Amino acid sequence: MFCSVLSAAIYGVDAVKVQVEADVSDGMPQFVIVGSVSAQVKEGQDRVRTALRNVGVAFPPKRVTINLVPADIRKDGSRFDLPMAVAFLKAVGRIPPGALDDVMVIGEVRLNGGIQGVTGVLSTVLLARESGCKRCVIPRDNIKEGNIVDGIQVIGVESLKQLITYCFDERSIKEDKEREAVDEKGDYDVDFQDILGQEYVKRAALIAACGFHNLLLRGGPGSGKSMLAKRLPTIMPELTREESLELTKIYSVAGMLPGEAPVLKKRPFRQPHHTISPQALAGGGRIPIPGEITLAHHGVLFLDELAEVSRKTIEILRQPLEDHQIIISRTGGRFLFPANFMLVGAMNSCPCGFYPDMNRCTCTMQEIIRYTNKISLPLLDRMDLCVEVPALGYEALTETGRKGKSSGELRKIVYRTLQIQQNRYQEQPWNKKDGIHYNSGLNPQDIERFCPITAEGKRLLKQAFEVYGITARGYHKIIKVARTIADLDESDVIRTEHISEAICYRSLDNLDRR
């Protein structure tokens, strides 16, 4: 007898429909799984066979063929155990033929008949809703994650016995729609008030947060570069509902979603070690999974010791910084991962870290040039703000009662500036399509429209362009940063002082190179 069950495979960060077909017919007894499946999926035949026996379902001495359609999509993972078991049970008549029609099923089966949680549940439930399914059957372990999605009934099962009972009596499992309240406070363990002095650097960090601009910090050891970078998320705006769902889907696919609080409420802050490989940064594997670039989506990717990261690894950032996505091509297809993140880099001025203080620096000029040349000009050109972080003096460290603004106070400024940007762009069709809400996302074609500059400002910009040899990309970035500075001043027009400050943040365009 032939029966089928609807399931889903993970393709990038999204789910695609997979029909799990089961045929039980006369022939030599064997269990065959076909349909471009990995070894992990094929191992499911032993898990399913043993689990069915342990729940009292005899395996008939017949040929059992499981086909996962379509065959041109590679299937991986243990999520197909439960749909294979359900398709088999329907084929042998142990559950009613129409019991799970218009239902999507995923889950891993344990040898004792229990149902184990899997990854990518949020993507699967969203696909089930979009496909018109009435219900989605998932492991009980993933019920909180599944309940994030409205408009579809999500059923969490703990065992095959429970699922079989549910097929005969749908009232045997009560729907659990308990949801967690979203924390709007965004509490953090660190605060911008912890940073002493460095007002110029904190001003640059505020501008970066207001416009979602990339930021490069260069200074000596112990000057506070890492300390400042780690506090950037504390002043960034809270995730919107759409951003939260998109980010939660990414972490679900990566298997990094905390079970006790499945809805991610804070912007991510990713800080990989400088020895990270290109595959770990961009994502990889035969069936690619998200890398650090994608895990930092809607948040901050902080690369400390930027000059120590391998050239092969760091150059991967160039394309995602422009396109806000990363595409990984494999023989099995092209996988698209979102990558709209703020890049924050930190580096020393030289190998010893003390240049230009020649009283303490022990490096030769050739060593300094070789060190700074590790950061390519094309990558440096993609940094919106480049700031020198000076070493703190004794007086700054010992002063009391002169703390700057707290993260809460700075966050209010960011919210106010963000509201100005949203009011400006919300009526634009491309804003709804691409989800652009920040000045950093402006296309060159839109800069002329949304970034009016005074005549004096244009003259200053032209002079800087000619004197410093600024590229076309750098020219546009100066205007976008100036647009954010003008928004901080609540000015509709970009004035000379806004252009001047934005140019100052390009001071590292000409690092010490020969």
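Modeller: Two strands pair if DSSP finds at least two bridges between them. The model here is predicted.

Biologist: Why are strand S1 and strand S2 called paired?

Modeller: Strand S1 (residues 2-11) and strand S2 (residues 14-25) share ten bridges. The cut-off is at least two, so S1 and S2 count as a pair. Their sense is antiparallel, and Phe 2 stands opposite Asp 23 in S2.

Biologist: What lies between S1 and S2?

Modeller: Two residues do, and the two strands form a hairpin. In the turn, Gly 12 has a positive phi of about 75°.

Biologist: How do you know that S2 also pairs with strand S4?

Modeller: Seven bridges join S2 to S4 (residues 63-69), running antiparallel. At least two are needed, so this is a pair as well. Asp 23 stands opposite Thr 65 in S4.

Biologist: What makes S11 and S18 edge strands?

Modeller: The open sheet has the order S11-S14-S17-S10-S18, with parallel pairing. S11 (269-270) and S18 (385-389) each have a single partner strand, so one side of each is left without a neighbour in the sheet. Elsewhere in this sheet, four bridges join S10 to S17, and Leu 217 has Ala 346 in S17 as its bridge partner.

Biologist: Why is helix H7 called roughly perpendicular to helix H21?

Modeller: The axes of H7 (residues 199-211) and H21 (residues 472-488) cross at roughly 100° and come within 9 Å. Angles of 65 to 115 degrees count as roughly perpendicular, so the term applies to H7 and H21. The residues of their contact divide into six nonpolar, two polar and one charged. Among them are Leu 206 in H7 and Ile 485 in H21.

Definitions and conventions: Residues numbered from 1 in each chain as written. Predicted model: local features only at pLDDT ≥ 70, side-chain atom pairs only at ≥ 80, totals over all residues. Heavy atoms only, no water. Axes fitted to C-alpha atoms, helices over the stretch in contact; angles between N-to-C directions. Parallel < 35°, antiparallel > 145°, perpendicular 65-115°, else oblique. Contact = heavy atoms within 4.5 Å. Nonpolar A, V, L, I, M, F, W, Y, C, P; charged D, E, K, R; others polar.
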